[in-house]
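Me: I would like to go through this structure with you. Could we begin with the terms and then turn to the details?

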Amino acid sequence: IMRMPVFHNNRVYVTVGGDIWWGKNEAWLKCIDATKEGDITATGQLWSYPLVDHCCSTPSLYNGMVFTADCGGFVHCVDAATGKALWRHEAGGDIWASTLVADGKVYVPTRRRNLVVLAAEKAERLLGTVILDSPMNGTATAANGTLYVATMRKLYAASIGGK
């Protein structure tokens with residue numbers, strides 16, 4: 001496990017597996033029942049969704065959907081209740097950051113300088129791609145109507161949410 005698990009409605013959502021240094025590319029987004037006790041290895045998993053490549057992304061939850069990204073450059077949208085894939089978007093570059101959902105949008109920084117913006121909806125809809133000055137390793141952050149994105153060279157800030 002390379003990123004943080006997310007707890008919501010007695011469920012834990014976590015990305016697991018994959019290790020590029022050991023040649024293990026299989027990874028999954030998993031949902032675990034947090035009401036169980038003891039060793040729940042065999043009984044706690046509610047669903048498992050396979051990712052394309054290893055993963056460094058903490059999942060984002062929004063309106064019954066789970067968003068995550070894998071290092072192979074794919075953004076995934078999965079039904080939070082069932083683990084069923086809703087869509088998968090190719091972002092055009094490796095993704096080491098986590099997804100951020102803010103203002104009904106999914107923000108995904110890539111290692112190829114692309115900040116991909118998708119609608120946080122059950123149908124895939126690309127809202128735009130912004131090419132910045134250098135690769136991004138970290139997750140975008142939103143606060144007080146402003147989106148902050150750090151590249152390897154600069155920190156960008158932009159208004160979101162009509163403010």
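Reply: Two strands pair if DSSP finds at least two bridges between them. Helices (H or I, at least four residues) and strands (E, at least two) are DSSP runs, numbered from the N terminus. This is a predicted model, in which local features need pLDDT of at least 70 and side-chain atom pairs count only at pLDDT 80 or more, while totals for chains, interfaces and linings use all residues. Residues are numbered from 1 along each chain as its sequence is written, and side-chain values use heavy atoms, with hydrogens and water left out.

Me: Which residue in β6 stands opposite Y62?

Reply: Y62 faces M65 in β6. The strands β5 and β6 run antiparallel and are joined by 3 bridges.

Me: What is the strand order in the open sheet?

Reply: The order is β5-β6-β7-β8, with antiparallel pairing among the 4 strands. At the edges are β5 (60-62) and β8 (85-90), each of which pairs on one side only. From one strand to the next, the twist averages 20 degrees; axes are lines fitted to C-alpha atoms, for helices over the stretch in contact, and angles run from 0 to 180 degrees between N-to-C directions.

Me: H89 next. Is H89 buried or exposed?

Reply: H89, which lies in strand β8, is buried, with a relative accessible area of 11%. Buried means under 20% relative accessible area, exposed over 50%, and partly exposed in between (1.4 Å probe, protein chains only).

Me: Which side chain forms a polar contact with that of H89?

Reply: The side chain of E124 does, at 2.6 Å. A polar contact is a pair of N or O atoms within 3.5 Å; within protein, one must be able to donate a hydrogen and the other to accept it, and residues adjacent in sequence count only if both atoms are side-chain atoms.

Me: Are C55 and C56 buried or exposed?

Reply: C55 counts as buried at 3% relative accessibility, and C56 counts as buried at 11%.
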